[in-house]
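I opened this entry to record what I looked up on pockets and nonpolar cores. The structure comes first, and my notes follow.

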Amino acid sequence: MMRLIGKLRSIPIKILILRALLRRLSKNHPKRLQIKEEFSGREAGYQSEEYIDTLIGQLLGSKFIIFHDLNFSDGNSTYQMDNLLISPQLALIIEVKNMTGELTFDSENDQFYQKIGDKIKGFPDPVTQAQRHQSYIKQLLADNNFPPVPVDYLIVINNQYAVLRFIGTSHAVKKRICKSHSFHKRVPQIVDIYTEEILTNKDLRKLSKLLLKLNTPPTNSIMKKYDIKISDLLTGVQCPHCSYFAMLRERKKWLCPSCKKYSFDAHLLALQDYFLLFNTRITNQQFRIFTRISSHDTSKRLLKTSRLKMTGTKKG
């Protein structure tokens, strides 16, 4: 049967922002190591989620409409869900964790921690997180007058070296936590509980549109998180061949003073960096400053050929 994808997974905006930030920070910036660690962790998590996406598609793709990487807000809190699957019988939340070491789910204290060697580090509790998401989806369905379809969850640990440990965890919660190698066995144990068709095809179409409408990618809080100022960032156009900052504009081309190679469109990556780090709008003056272009006309021409939506008539 045909696989139904309600929302594809794309590279998370926070990974793109961190990547742009690492391009623009000097090698000796005091926050660079912290930012690099977060970038590496998020990139590994994204690759892990892509692997689980494949398993979900193979096992459930013909039974559910699959939504990857949804972000919701109720005005006070945000809810980031790795996967939400909907069918006439069930809405299933699947959260993915890419962690190694000894992972302890302590239900007595609603906490979760990782032990590697002698080091113990606490993290947000995946069970509490999944149950919070479960409550949000239930409320969303009720608020929008959908029939009361059951909402369940599964937490998948995608690391073959992880060891799971439980303290005071009920059997009902334990069976909703598994490692990726047992995903194919654990999923049917949950899905097969729900046999009654609650949502019609019309309900599913309406719910799919609502989920996409409410999906709001997270805003850029990374600059604030690390207290990065504009003055901390390197300006100019980076060489796509050797990564040198900054290229020179000569005869309608970009020349790298380091490797002596040319590029016609190296400024496009600079534009992307600006949009990720600062604003989704840019003026001619802001573009000249950020790319170190002296000519107003050159800047105007490059912005125009970049196929951006132009607004306003004033020079600047």
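Which residues lie nearest the centre of the largest pocket, and how many residues line it? I worked on a predicted model. I found 48 lining residues, with Glu38, Gly41, Arg42, Glu49 and Gln80 nearest the centre of the largest pocket. I noted a volume of about 1,800 Å³ for this pocket.

I next looked up the make-up of the lining. I recorded 18 nonpolar, 16 polar and 14 charged residues in the lining of the largest pocket.

I then asked which element gives the most to this lining. Helix H2 (32-60) does, with eight residues. The elements that each supply at least two lining residues include two further helices, H1 (13-24) and H3 (126-143). Strands S2 (65-73), S3 (78-86), S4 (91-97), S6 (111-116) and S7 (119-123) are also among them.

I turned to the nonpolar cores. The largest has 34 residues, and I listed Phe72, Leu84, Ile86, Ile137 and Leu207 as those with the most contacts inside it. Two or more residues of this core come from each of S2, S3, S4, strand S5 (102-106), H3, strand S8 (151-157) and helix H6 (201-214). H3 gives the most to this core, with six residues.

I took Ile86 as one case and set aside its neighbours within four places in sequence. Ile86 is in contact with Lys63, Phe64, Ile65, Phe67 and Ala91, and also with Leu204, Leu207, Ser208 and Leu211.

Lastly, I noted a second, separate core of 18 residues, with Leu55, Ile66, Leu85 and Leu90 among them.

Terms used. Residues numbered from 1 in each chain as written. Predicted model: local features only at pLDDT ≥ 70, side-chain atom pairs only at ≥ 80, totals over all residues. Heavy atoms only, no water. 1 Å grid on protein atoms, 1.4 Å probe; cavity = no way out; pocket = protein on both sides within 12 Å on 5 of 7 lines; lining within 4 Å. Points joined across faces, edges and corners; volume = space filled by probe spheres on them. Helix = DSSP H or I, 4+ residues; strand = E, 2+ residues; numbered from the N terminus. Nonpolar A, V, L, I, M, F, W, Y, C, P; charged D, E, K, R; others polar. Core = buried A, V, L, I, M, F, W, Y, C linked by side-chain atoms within 4.5 Å. Buried < 20%, exposed > 50% of the residue type's maximum accessible area, 1.4 Å probe, protein only. Contact = heavy atoms within 4.5 Å.
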